[in-house]
Amino acid sequence: MKLNSVSIRNILSIRYNPTEKPQLSPVTSKNFNETQTDPSGLKTKTLLKNALKNKLKTSNEPIAVSLSSGIDSTLCLSLLREIFPDRELIGICGVFENGFDESKQASKIAKKFNAKFKTVKMPSIYQTMPKLISITKKPKWNTYTHIIAKEAKKYSDIYVAGDGADELFGGYTFRYSKFLDLCKPKSSWKTKVKNYLECHNRDWVTDQKLIFGKNISFEWNDVFNYFKPYFSNNLHPLQQVMLADFNGKLLYDFIPTSKSICNYYHLNGISPFVNNSVIKFGLSLNLNEKYDEKIQKGKLILRKIASQMNTKHIDEKRGFSPELWFDWKQNGKKIFEKYIFDKDCKIIQKGLINSKWISKSFETIENDGSVRYLTRLTSILALEVWYRTFISKEMNVDEKLK
């Protein structure tokens, strides 16, 4: 494996590397032509059911479902039960220590749709970082859902999740309102890109340029240019955001990460939302059937389908997310100090990361409790673990850090 400085720069700035070849074809502004409408939700529901049927029609084995208590996974389970009244379904929910526990609501959802239910305890992302890194072979730590997939493998070779629903049907409501507040009627494409990145400000920090050592070049304009095609068109500002979301984190982060996890455990990973017909329809769906700006509600068409199916879910967006501060205090801080403040720290030795910035940022976390700097330092630890695992090859992927 070779060291790619552009990939490292991008992963530490926007969380993915858009110079790679995506597994799905990128879309353009032409895909958002708003030619579709679905006031009853029937078209969308039919397309989602067909997407599941086409992937599952040749087998009768059990189906494992990644089941939080949110609308995406809940809808997947309810549609599966409607398609397969007698098939064995297993809902699997992950719970992080001291994190938001969705398992109580998820268990009720599983019971309603006559599915078995399993809860798995999610381990520390810091202690298990070599395993997380080994899934994608990249310096990324957002592969903790592999624990859900690992549990799923005990019951089935089929694993269903809700990837893509947010990007297609307007699920990032917590960012939409902020973006609209920042935008002005005649904002330039570059201003819109800056506003968009401000809505993802846990992926970078204000002194981003100082993170990198002498062997990684960083200029914000290089990053801005990745997003230029998404904001230099005549789409509605929110459609521009959805275009950037689809062609960004979905294509280059979420889909390849999920695929890597499924490949690792030899699972047939399925999401009805990334079916070609669903994508084509969802992108061209009228904007007001995705997001209501007044009440700041998204995924309106999915909510309609869920309501018709009498499917109850939590309203706010959660998903399986670690309680990062708790994990940092319990495990991460001492692990970070051990590997990054060590005289043999590889990423500092090789001029990839600036040691002065690390020391200053560590103090920022200690004194100010900045979650932005915490996520950056977590990503830098991931880079060091990646280097030791795949470049210097001195760390075992199953090693537990402490």
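D166 and K299 join their side chains in a salt bridge, at 2.7 Å from N to O; the term covers a side-chain nitrogen of Lys or Arg within 4 Å of a carboxyl oxygen of Asp or Glu. D166 sits in helix α7 (residues 165-169) and K299 in the loop between α12 (276-283) and α13 (300-308), so the pair ties together parts 133 residues apart in sequence. Helices here are DSSP runs (H or I, at least four residues), numbered from the N terminus.

D166 is buried, with a relative accessible area of 6%, and K299 is buried at 9%. Buried means under 20% relative accessible area (1.4 Å probe, protein chains only).

## About the model

This is a predicted model, in which local features need pLDDT of at least 70 and side-chain atom pairs count only at pLDDT 80 or more, while totals for chains, interfaces and linings use all residues. Residues are numbered from 1 along each chain as its sequence is written, and side-chain values use heavy atoms, leaving out hydrogens and water.

## A glycine in α14

G332 lies in helix α14 (residues 324-340) and is buried, with a relative accessible area of 0%. Setting aside residues up to four places away in sequence, G332 touches Y126 and D327, where contact means heavy atoms within 4.5 Å.

Methods
Helix = DSSP H or I, 4+ residues; strand = E, 2+ residues; numbered from the N terminus. Buried < 20%, exposed > 50% of the residue type's maximum accessible area, 1.4 Å probe, protein only.
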